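User: Could you walk me through this one before I set anything up? I'd like to go over the salt bridges, the contact between the chains and the sheets.

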Protein chains: 2
Amino acid sequence: MSDARVTSLDVARLAGVSQSAVSRVFSGASASAATIKKVRAAADRLGYRPNSLARAMITGKSRMIGLVVAYLDNQFYPLAIERMSAALQARGYHILLIMAGNSTEGIESVMQDLMTYQVDGIVTASVAISSDLTERCAAMGIPLVMFNRGQDGAGLSSITSANVEGGRKVAEFLIAGGHERIAHIAGWQGASTGRDRMRGFLEGMAAAGREPLAVIDGMYHREPAIEATHALMERSDPPDAIFVGNDHMAFAVLDTLRGALGLSVPGDVSVVGYDDVPMAAWESYDLTTLRQPVNRMVEATVETLLGQIEDPARLPQKIEIAGSLILRGSARIPEGWDIT
Amino acid sequence: MSDARVTSLDVARLAGVSQSAVSRVFSGASASAATIKKVRAAADRLGYRPNSLARAMITGKSRMIGLVVAYLDNQFYPLAIERMSAALQARGYHILLIMAGNSTEGIESVMQDLMTYQVDGIVTASVAISSDLTERCAAMGIPLVMFNRGQDGAGLSSITSANVEGGRKVAEFLIAGGHERIAHIAGWQGASTGRDRMRGFLEGMAAAGREPLAVIDGMYHREPAIEATHALMERSDPPDAIFVGNDHMAFAVLDTLRGALGLSVPGDVSVVGYDDVPMAAWESYDLTTLRQPVNRMVEATVETLLGQIEDPARLPQKIEIAGSLILRGSARIPEGWDIT
DNA sequence: CTTCGGATTGCATACGTTTTCATCAACGCT
DNA sequence: AGCGTTGATGAAAACGTATGCAATCCGAAG
């Protein structure tokens, strides 16, 4: 009914109590049963809800979390956002979403923006930030955790899957499958995930005395991955297996192998991805891939972040979550492996 | 350096001016060149940035937009979010993101939450809301625009593609292609988009004196669409064309036809989708589909919303944006159509 | 009946900004 | 020189809430 915004003072007047009483009822402080009843009744009648911004001013806690995401092409991120949002909402937090592209200077200003909104914490997903910025966060007492990307600086938390181990598992799997010429279309080498997966892969190969046929940076994008596939298959000694740095690129590789090149998978080439996004299970792709456990990663992210918010003295953590290889139809399966 | 939060008063003291002067410099009000210089210098030294929440309290404008999204499985929504975020950021707005699932009572409370954060406006994407709630928004003077979903209530804005017309176009296309038994796996009939596309489709069929072989509600989800595909193809008179209510379901239909059923597309069955998400252009699917122009829809959404924010007297609008049929390989193309 | 203690309550202040208002200096014009 | 005009500036109020502090109330214990 009322056009104007209704404040705690309006409620107080209608209920015949002081403004502080109203505040106490809604902030859960102690109040007599009688007041609570009167206040609730008046509030319901006026449709009153406390102003979160005013509340944030006084308490110093906005209950908002800044979420900085580079892009959403890769299905992994929408999924992660969905889960993260649910987890945070369940704990009474809200998400201030920022899309950052991948320009470093853009990030800088955007993060500053976030801070002016007094967010209680920041999650960056697949985004690299300058150490200057992390220090600034630390100085302002804003906890920061990097999701799915590590960084060397000491003072910050990160949650990733066990990328090195994952890369190694893939190498072992492909070697066990009897592949002779194994290539790698790597994740973007500017990101720790891409580098770590590659490192693990190379270690796994080396441990068996093997070397990759070739390694090409696919930049985590579709087009470069397609080009890389062509480049690999045009060689005189084309690979009989390709490990691709993430599922998003692996789909492009599969499309190219089967479509433009008319090859059979896994008959001519085995393909293994990384992530296990839902689409990897779709019949058209049926992609063998190393699963990143989104749920557990999100859970850890939220836990770490809120932990640091509630207890600022808590030290930053770097958590790695192990994932397992999901066997599907895009890669030859070694004897006996499917029983595992 | 400083652990504490730095306020305009700190800057004022360092610059040797009053707090109001600092405020004026940062809010763009008039000030002498001398003061501006002093204030800027002091602010830079302290790393001062105005507190957006305090600013919001006083101006009554938080420069935050609430974005309520049901789910992100369908690639159309991540894409839309990405665009919308960019457009809003460019105009100095920020996004408060809420995931709402599809439970009606969940929406209710979540929207209330949004309002306590004093958002300047709300965009709902693919979400239905009670008329009670729209009234409450109106009463609080919070503009609301529904993205990709219409609703009959008079007082609210919505941006959709021209769904009826789109459905009709698909019908005409499939009829022109000489298909004899045309079926429809419809979008969720609880949503206006699903109903409108179906209505247009039926109108188009009727205009040619035809009737659909069958119509099944696919709920906009993958599983129901797969079941519907099986149900259709098990008939004694299976369809030779299927119009699917959106791309997300169409991918499931294609997977099922080609995979489990071993059929050829478009040899045995033509398939047409709706949305034209990027994935529709991928080689594996190569889906003929009716394009929803995301960019223009987002542009219109932002325009409408900000228009209403700046001028509250502006009337709500229902905007429909026409899309065109994108011809690809999943449906037989009528003689001469590809030249269009 | 008095006194003590704990639970409630109201008053006033604080949070960090924008904005109105009055003051003041400077300046051009008659 | 006097006067009005303009532009800059500081003091103070306001936004809507939480909370420390003092006052008050109530019942129970003595």
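**Salt bridges, interface and sheets**

Analyst: To begin with the salt bridges, a search of the whole structure, which is a predicted model, finds 24 of them over all chains.

User: How many salt bridges are there between chain B and chain A?

Analyst: The count between chain B and chain A is 2 salt bridges. In one salt bridge, the side chains of Arg222(A) and Glu283(B) meet with an N to O distance of 3.2 Å.

User: And which residue does Arg136(A) form a salt bridge with?

Analyst: Arg136(A) forms a salt bridge with Asp132(A), and the closest N and O atoms of that pair are 3.5 Å apart. The two residues, Arg136(A) and Asp132(A), are 4 residues apart in helix 7 (residues 131–140) of chain A, so about one helical turn separates them.

User: Ok, over to the interface. What area is buried between the chains?

Analyst: About 4,900 Å² is buried between chain B and chain A, and carbon and sulfur atoms give 56% of that area. In chain B, the residues that lose the most area to chain A are Leu53(B), Tyr117(B) and Trp282(B), which together make up 15% of what that side buries. As for residues, the contact takes 46 from chain B and 46 from chain A.

User: How many residue pairs are in polar contact there?

Analyst: Counting pairs in which both residues are at pLDDT 80 or more, there are 18 residue pairs in polar contact between chain B and chain A.

User: Which elements of chain B are involved on its side?

Analyst: The elements of chain B that give two or more residues to the side touching chain A are helix 4 (52–59), helix 5 (76–90), strand 2 (94–99), helix 6 (104–116), helix 7 (131–140) and helix 11 (247–258). Strand 2 of chain B gives the most to that side, with 6 residues. The residues on the side of chain B that touches chain A divide into 23 nonpolar, 13 polar and 10 charged.

User: Now the sheets. What's the strand order in chain A?

Analyst: In chain A, 6 strands form an open sheet in the order 7-6-8-9-10-12, with mixed pairing. Strand 7 (214–217) and strand 12 (325–326) of chain A stand at the edges with a single partner strand each, so one side of each is left without a neighbour in the sheet.

User: How is strand 12 of chain A joined to strand 10?

Analyst: Strand 10 (residues 288–291) of chain A and strand 12 of chain A run antiparallel and are joined by 2 bridges. Leu290(A) has Leu325(A), in strand 12 of chain A, as its bridge partner.

User: Which strands does helix 8 of chain A touch?

Analyst: Helix 8 (residues 163–176) of chain A packs on the sheet and touches strand 6 (182–186), strand 8 (241–244), strand 9 (270–275), strand 10 and strand 12 of chain A, its direction making about 165° with that of strand 9 of chain A. Helix 11 (residues 247–258) of chain A lies across strand 6, strand 8, strand 9 and strand 10 of chain A, and runs at about 160° to strand 9 of chain A.

User: And in chain B, what joins strand 9 to strand 10?

Analyst: Strand 9 (residues 270–275) and strand 10 (residues 288–291) of chain B run parallel and are joined by 4 bridges, with Leu290(B) in strand 10 as the bridge partner of Tyr274(B).

How values were computed: Residues numbered from 1 in each chain as written. Chains lettered and ligands numbered in written order. Predicted model: local features only at pLDDT ≥ 70, side-chain atom pairs only at ≥ 80, totals over all residues. Heavy atoms only, no water. Pairing = 2+ DSSP bridges. Contact = heavy atoms within 4.5 Å. Axes fitted to C-alpha atoms, helices over the stretch in contact; angles between N-to-C directions. Buried area = accessible area lost by both parts, 1.4 Å probe. Salt bridge = Lys/Arg side-chain N within 4 Å of Asp/Glu carboxyl O. Polar contact = N/O pair within 3.5 Å; in protein donor to acceptor, adjacent residues only side chain to side chain. Nonpolar A, V, L, I, M, F, W, Y, C, P; charged D, E, K, R; others polar.
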